[in-house]
Amino acid sequence: DAWYADYIATATKEGIMEGDGPRANPNDLITREEMAKILVETYEREHREIEAAPETGEQFQDLDTSSGWAEEYVRKAIAAGLMKGMSEDRFAPQDHALREQAITIIYRIKAVQ
């Protein structure tokens, strides 16, 4: 009965967001790599497929700490300009996303369209 239940259900049904087994865990903190997946899945459905070269994101020393399922999404988010690193050489895929990052990404989505 949460206000966001329909949104979570739709995102899960469409494959934009996945849960942990039968639960979507909407109250958990989100990592930057999870955010990359949601962003890329949503962007590609609305606009076009994002292409990322294998060397995309190579400036980030910690990109290899991305979960196996997330690496392509992280590279695509970087290639499209949807997400940037925490510093010049650190992407921090497993760090929790911050509110200000989410707000910044909303503006970037509008700019990338």
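Is Arg 48 buried, partly exposed or exposed at its relative accessibility? At 44% relative accessibility, Arg 48 counts as partly exposed; buried means under 20% relative accessible area, exposed means over 50%, and partly exposed lies in between (1.4 Å probe, protein chains only).

## Basis of the model

This is a predicted model, in which local features need pLDDT of at least 70, side-chain atom pairs count only at pLDDT 80 or more, and totals for chains, interfaces and linings use all residues. Residues are numbered from 1 along each chain as its sequence is written, and side-chain values use heavy atoms, with hydrogens and water left out.

## Overall fold

The protein chain has 4 helices and 0 strands, in the sequence pattern α-α-α-α. Helices (H or I, at least four residues) and strands (E, at least two) are DSSP runs, numbered from the N terminus.

Along the principal axes, the C-alpha atoms fill a box of roughly 45 × 25 × 25 Å. Of the 113 residues, 35% are buried. Among contacts with a separation of 6 or more, 68% come from residues 24 or more positions apart; contact means heavy atoms within 4.5 Å.

## Helix α2 against helix α3

Two packed helices are described by the angle between their axes and the distance between the axes. For helix α2 (residues 32-46) and helix α3 (residues 71-79), the angle is about 65 degrees and the axes are 8 Å apart. That makes α2 roughly perpendicular to α3. Axes are lines fitted to C-alpha atoms, for helices over the stretch in contact, and angles run from 0 to 180 degrees between N-to-C directions. Angles under 35 degrees count as roughly parallel, over 145 as roughly antiparallel, 65 to 115 as roughly perpendicular and the rest as oblique. The crossing of α2 and α3 is left-handed: a crossing is left-handed if the near helix is turned anticlockwise from the far one by less than a right angle, and right-handed if clockwise.

On the α2 side, the contact involves Glu 33, Ala 36, Lys 37, Val 40, Glu 41 and Glu 44, which meet Tyr 73, Val 74, Lys 76 and Ala 77 of α3. By class, this contact of α2 with α3 has 5 nonpolar, no polar and 5 charged residues. Here Ala, Val, Leu, Ile, Met, Phe, Trp, Tyr, Cys and Pro count as nonpolar, Asp, Glu, Lys and Arg as charged, and the others, Gly among them, as polar. The buried residues of α3 are Tyr 73, Val 74, Arg 75, Lys 76, Ala 77 and Ile 78, and the buried residues of α3 pack against α2. Just after α3, Gly 81 has a positive phi of about 80 degrees.

## Helix α2 against helix α4

The angle between α2 and α4 is about 25 degrees, with the axes 12 Å apart. That makes α2 roughly parallel to α4. The crossing of α2 and α4 is right-handed. Arg 32, Met 35, Leu 39 and Tyr 43 of α2 make this contact with Gln 101, Ala 102, Ile 105, Ile 109 and Val 112 of α4. By class, the contact of α2 with α4 has 7 nonpolar, 1 polar and 1 charged residues.

Ala 102 lies in helix α4 (residues 99-112) and is partly exposed, with a relative accessible area of 29%.

## Loop residues

Arg 48 is in the loop between α2 and α3. Leaving aside neighbours within four places in sequence, Arg 48 is in contact with Tyr 43 and Val 112. Leu 63 also lies in the loop between α2 and α3, but is buried, with a relative accessible area of 4%. With the neighbours within four places in sequence left aside, the contacts of Leu 63 are Thr 56, Gly 57, Val 74, Arg 75, Ile 78 and Phe 91.

Ala 92 lies in the loop between α3 and α4 and is buried, with a relative accessible area of 3%. Phi of Ala 92 is near 65 degrees, a positive value in a residue other than glycine. Most residues other than glycine have a negative phi.
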